[in-house]
Amino acid sequence: MGALGLALVLAVVFGALFADVLSHYNPIKLAVRDRFLPPGFEHLLGTDQLGRDLFARVLHGGRIALWVALVSTSMGLAGGLVLGMAAGYGPRWLDSLLILLLDALRSFPTVMLALALVTLVGPSLGAVVLVVVLAILPSYARVVRAQTLSLKSAEFVLSARALGAPVTRVLGFHILPNIIGPLLILVSMDIPVVITIEAGMSFLGLGVRPPTPSWGSILNDGFAFIRESPWPAIAGGLPIIVATLGFTFLGETLRDEFDPKLRREP
Amino acid sequence: MLAYALKRTGLAVIITAVALIMLISMIQIIPGDPAAVLLGPLASPTMRAHFRVEMGLDQPVVIQIARFFGRVVTGDLGTDVLTNRPVLTTVAEQLPFTLALIAMGIVWSAALGVPMGCYAAIHRGSLIDRLAGLLSVSVIAVPSFVIAIYSLLIFSVALGWFPTIGAGENGHLGDQLYHLVLPSLAVGLGWVGYLARIVRASMLEVLGENHIRMARAFGLSEATITYKYALKIAIIPTVVVLGIGIGNMISGAVFAEIVFARPGVGKLIYDSVVTRNYPVVMGAVVVTTGFYVLCTLAADLTAAWLDPRVRQNL
């Protein structure tokens, strides 16, 4: 399962990085005479309603998906670390307050959060990143908090404090390296969720604006014209399936390998 | 138990209140002018000013929050911009459809996931167990809207076995159930995977216990042991998890309603976002979030009732 996951992930990353080389078609150039062509040698996945090559659009859509995954995961990780360590290491009142805020954030179903936010800021890639960060931050912060709390009374931490180490050094030099392991596994298992949120928001028209290709918007176009031709819808869904399955298999194998105790809460 | 129930309920109320405060404050925190976004680029400055006054956006945040809470407590969620009806009425009309979709999704996931998990636990290590494991992970990974569109493509458009749009005729239960099959399958399929895994894990734990071995020693059949004794205990974690699952299914329901053109709160919110019907969006988000908090509360209380050890955790 892990090997399959790794293969799928590498395919997605490779496709996204070398999109221009792998397909000579321009993903946003119109060629309306060639609309709805089925897959063939000329167009590996066929063409959409405006004649654009679907394979090229899928490859370029991969760039968006991976970019969003990278940016929002790093921001979520950074935010989760800061808030989690503050909650775990700081005074009780700060802990209670942060837990309350994080639980309140978690009580929104993700799609509702996305819809409410986009109503206010308008659809854009930035909105997608914001929604993803808000959706994944609470779980990271909770894990960091739990780990920080348990390490707070560890002997090496207590001795560092006794020797006069400032808070920043204790957190950055002693606690952080010990909590980063499980956190990275959590992050790798969250990537499919991030890809799903981005694709979902683009599907609803809340993400990237046309004509920029995103897997979700390709799927949406396919859905709109599902009676004319099934191929755009199939082409839109396929990369999402490949990416989510790949990252999930990879993440599960990594977790089983490094920390079987870390059973994911759904 | 009562003390735990009261504390947990109080916590739920506080969390809902904080969540609503966050929702209102979003308007102020997010950069940009909400009036401009909501009215669109063609609005004149006078219209924007009037809109701000009408929505109460010119007041300080604290006053806005106080007014909002005052209105929510009396059941007033604002007025629908397009139809001039109370938002609560608009949302309440659409809610039953979404609830039916989620309920059916739960039925699917229980009907498919629990037996799958049981079977995998009993035949542990076999090929079927490994296949079931792979399948479970796969349906958890793939997003529900992709499942929805592919099932629409295969079972409706290509094969014609199920209807493509709508919720069926009013009052005709059979027709409505028929229209419910594919959307609820799309909503519930991801949860089949979760339930299968949880049931398998807790079944494995229970099947190793002493009283199960005793029952086997007494000569009870495997079927009786599994379904009459082990399953009852193994099912407890699934109840807890179900509360969170409903939150997932609410998100899934939005997509399913759009893909299958069904009426419901999801479609309502989506249409309102597109038409910038801000009161309906906020009102519907309030209702669904409240519903979600209620479900997780119910799940936690049920878990605490079934397993007294949970009550220490507050």
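Student: Hi! Is the crossing of H3(A) and H6(A) left-handed or right-handed?

Tutor: Hello! The crossing of H3(A) and H6(A) is right-handed, meaning that the near helix is turned clockwise from the far one by less than a right angle. Helices here are DSSP runs (H or I, at least four residues), numbered from the N terminus. This is a predicted model, where local features need pLDDT of at least 70 and side-chain atom pairs count only at pLDDT 80 or more, while totals for chains, interfaces and linings use all residues. Residues are numbered from 1 along each chain as its sequence is written, with chains lettered from A and ligands numbered from 1 in the order in which they are written.

Student: Thanks! At what angle do H3(A) and H6(A) pack?

Tutor: About 35 degrees, with the axes 6 Å apart. Axes are lines fitted to C-alpha atoms over the stretch in contact, and angles run from 0 to 180 degrees between N-to-C directions.

Student: Is Val144(A) buried or exposed?

Tutor: Val144(A), which sits in H6, is buried because 29 other C-beta atoms lie within 10 Å. The cut-offs are 20 or more for buried, 12 or fewer for exposed, and partly exposed in between, with C-beta atoms placed from the backbone.

Student: And what is Val144(A) in contact with, leaving aside its neighbours within four places in sequence?

Tutor: Its contacts include Gly80(A), Met85(A), Ile179(A) and Leu183(A). Contact means C-beta atoms, placed from the backbone, within 7 Å.

Student: How does Leu151(A) count?

Tutor: Leu151(A) is also in H6 of chain A, but it counts as partly exposed because it has 19 C-beta neighbours inside 10 Å. Beyond four places in sequence, Leu151(A) is in contact with Val157(A), Ile175(A) and Asn178(A).

Student: New topic: where does H8(A) bend?

Tutor: At Leu176(A), by about 55 degrees, and Pro177(A) follows within four residues. The bend is the angle between axes fitted to the seven residues ending there and the seven starting there.

Student: Last one: how many residues of chain A are in contact with chain B?

Tutor: 41 residues of chain A are in contact with 47 of chain B. H5(A) gives the largest share of chain A's side, 10 residues. By class, that side has 29 nonpolar, nine polar and three charged residues. Nonpolar covers Ala, Val, Leu, Ile, Met, Phe, Trp, Tyr, Cys and Pro; charged covers Asp, Glu, Lys and Arg; the others, Gly among them, are polar.

Terms used
Helices (H or I, at least four residues) and strands (E, at least two) are DSSP runs, numbered from the N terminus. Two residues are in contact if their C-beta atoms, placed from the backbone, lie within 7 Å.
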